[in-house]
Amino acid sequence: MDILMPQLGETVAEGKITRWYKATGDAVQPGDNLFEIETDKTSMEVPATSAGVLAEIRVATGDVAPVGAVVAVLAASAEAAEAHQPAAKQSAQPQAPLIPAQAGIQNQTSLDPRFRGDERIVVGIPAAKPIPMDLFREVRTPERNYGPARIGGISVTPLARRLAGENGIDLSRITGSGPHGRIVARDVEGQIRRAPAGAPAAGPSASDILALYRDVPFNEVPLDGMRKTIAARLTQAKQIIPHFYLNADVSIDALLKLRAEANAAAPRPDGAADYRISVNDFVIKALALALIRVPATNAVWADDRILRFNRADIGVAVAIDGGLLTPVLRAANEKSLSAISNEMRSLAERARDKKLKPEEYQGGVSAISNLGMYGVRDFAAIINPPQSTILAVGASQRRPVETEDGGVRFESQMTITLSCDHRVIDGALGAQLLAAVKNYLEQPLTMLVA
């Protein structure tokens with residue numbers, strides 16, 4: 001009897017075995033815990049439903065397997081379990097390396113090869129030579145997982161999921177025509193026919209829009225490379241990055257006072273100050289230090305893993321003619337405010353002259369977009385992939401604040417909004433990062449000793 005990786009939820013496609021309670025050869029009774037699994041949402045113990053003897057464990061502790069994969073084999077008796085041993089030993093004999101199929105058990109290095117009969121490719125053996133299917137090793141799981149069976153509460157047929165997966169169709173954009181709004185194959189096929197070849201399912205075409213404004217005078221502005229890149233990257237960001245937003249009001253009276261004192265004390269060997277620190281320089285430093293203080297946020301999503309860094313590289317959005325660039329300040333947490341100010345000024349000037357090298361605007365873990373100089377009170381910025389956060393900074397304003405004795409006083413405040421990639425940063429974690437930024441900005445002296 002095959003023991004399968006169970007389905008723990010509609011959106012769960014795989015599970016990680018964190019513990020085996022039974023070893024090969026152990027007797028099993030119904031209700032006995034066999035193993036413990038962990039998914040992206042939960043962990044639970046999996047009990048046996050039948051009695052027998054555990055003949056083989058195919059997915060070891062710490063390995064991940066897709067839902068439906070055979071993780072172990074339960075034999076009816078000790079003799080039957082023993083009968084599996086020759087097959088296991090035979091399969092353990094040295095053999096030519098296999099090229100695994102794309103789907104199936106994911107940690108191939110710790111598992112025996114998965115046999116797919118005539119789909120198997122053996123290096124060094126002519127392709128025409130037949131290779132018998134080893135049913136004992138067959139994993140009963142689809143070649144690919146085409147996503148959950150329900151999208152936003154609407155069910156999707158298996159064929160519709162497969163068609164959508166194979167053609168890159170976003171099911172959340174489709175209105176189902178089946179019973180109770182179910183998305184069926186014809187709905188996906190219609191979307192495929194309407195979508196331009198090679199392009200994602202998106203909004204109306206250029207001809208549709210031109211037809212809409214045919215009676216309105218307009219001038220056409222051709223797209224340059226920068227505008228195309230901005231459009232592609234930010235569209236991608238909104239499609240693939242699950243954004244959430246956190247904001248806070250920050251008192252900056254102490255920061256403004258310290259900034260004025262620092263700039264007044266700047267050396268002037270040739271009549272010009274060696275530096276002129278801006279509010280944005282304080283924000284850069286505060287965000288960099290906060291990322292170090294909350295290290296789990298100093299990370300980016302990398303498809304099948306998360307990369308955490310030991311330094312904070314901060315991008316800063318710079319508006320230029322026809323678009324924007326985001327030069328990156330490396331190791332901003334380690335630099336003084338005057339160094340950040342001078343380096344940022346140099347990067348901004350070269351960005352406007354379009355003289356930045358690729359390594360000067362690529363990478364980074366987070367970014368800052370400041371629209372305060374335009375009087376914008378607050379806004380939410382779009383994350384620039386692969387970065388995991390971006391901090392939007394609003395204008396400094398004098399705002400009334402209630403005092404402890406019930407009176408009112410005014411103080412300088414600005415609103416900051418943190419956009420987070422939920423794949424990397426959960427809500428509480430993002431709140432810790434934002435709180436750390438706020439703390440540094442409201443107590444700027446702490447940045448000088450951090």
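This is a predicted model: local features need pLDDT of at least 70, side-chain atom pairs count only at pLDDT 80 or more; totals for chains, interfaces and linings use all residues.

Reader: What makes up the secondary structure of the protein chain?

Author: The protein chain has eleven helices and 23 strands.

Reader: How many of the 450 residues count as buried?

Author: The share is 40% of the 450 residues. A residue is put in that group because its relative accessible area is under 20%. As for the accessible surface of the protein chain, it comes to about 24900 Å², and 54% of that belongs to carbon and sulfur atoms.

Reader: Why is Asp303 called exposed?

Author: Asp303 has a relative accessibility of 68%. Exposed means over 50%, so Asp303 counts as exposed. Its place is the loop between β14 (299-301) and β15 (306-308). Asp303 also has a positive phi of about 65°, although it is not a glycine.

Reader: And why is Lys354 called exposed?

Author: The relative accessible area of Lys354 is 53%. That value is over 50%, so Lys354 is exposed. Lys354 lies in the loop between α8 and α9 (358-361), and its phi is positive, about 55°, although Lys354 is not a glycine.

Reader: What makes Gly25 partly exposed?

Author: Gly25 has a relative accessible area of 49%. Exposed needs over 50% and buried needs under 20%, so Gly25 falls in between and is partly exposed. Gly25 sits in the loop between β2 (14-20) and β3 (27-28).

Reader: Which residues does Gly25 touch, leaving out those up to four places away in sequence?

Author: Gly25 touches Val53 and Leu54. Contact means heavy atoms within 4.5 Å. Gly25 and Ala55 are 30 residues apart in sequence, and their C-alpha atoms are 5.9 Å apart in space.

Reader: Which members of the largest nonpolar core touch the most other members?

Author: They are Ile284, Ile314, Leu391 and Leu441, out of 59 residues. Helix α7 (residues 279-293) gives the most to this core, with ten residues. A second, separate core has 17 residues, including Trp20, Val28, Leu34 and Ala69.

Reader: What does Leu391 touch, not counting residues up to four places away in sequence?

Author: Among the residues that Leu391 touches are Val283, Leu287, Ala367, Ile416 and Leu434. Ser369 and Thr417 are also touched by Leu391.

Reader: How do you know that there is a pocket at all?

Author: Rolling a probe the size of a water molecule over the atoms shows where empty space is left. In the second largest pocket, that space is about 1200 Å³. Of the 50 residues that line this pocket, the closest to its centre are Val316, Ala317, Val318, Ala319 and Leu325.

Reader: Which element gives the largest share of the lining of the second largest pocket?

Author: The largest share comes from α8, with six residues. Elements that each supply at least two residues include α5 (225-240), α7, β17 (318-320) and β21 (389-393).

Reader: How do the lining residues of the second largest pocket divide into nonpolar, polar and charged?

Author: There are 29 nonpolar, 15 polar and six charged residues.

Reader: Which peptide bond is cis?

Author: The bond from Pro385 to Pro386 is cis, with omega near 10°. Pro386 is in the loop between β20 and β21.

Conventions: Residues are numbered from 1 along each chain as its sequence is written. Side-chain values use heavy atoms; hydrogens and water are left out. A nonpolar core is a set of buried Ala, Val, Leu, Ile, Met, Phe, Trp, Tyr and Cys residues joined through side-chain atoms within 4.5 Å. Buried means under 20% relative accessible area, exposed over 50%, partly exposed in between (1.4 Å probe, protein chains only). Helices (H or I, at least four residues) and strands (E, at least two) are DSSP runs, numbered from the N terminus. Accessible areas come from the Shrake-Rupley method with a 1.4 Å probe; for residues, only the protein chains shown count as cover. On a 1 Å grid over the protein atoms alone, a cavity is a set of points where a 1.4 Å probe fits but cannot get out, and a pocket is an open set with protein on both sides within 12 Å along at least five of seven lines; lining residues have an atom within 4 Å of a point. Grid points are joined across faces, edges and corners, and a volume is the space filled by probe spheres set on the points. Ala, Val, Leu, Ile, Met, Phe, Trp, Tyr, Cys and Pro count as nonpolar, Asp, Glu, Lys and Arg as charged, and the others, Gly among them, as polar.
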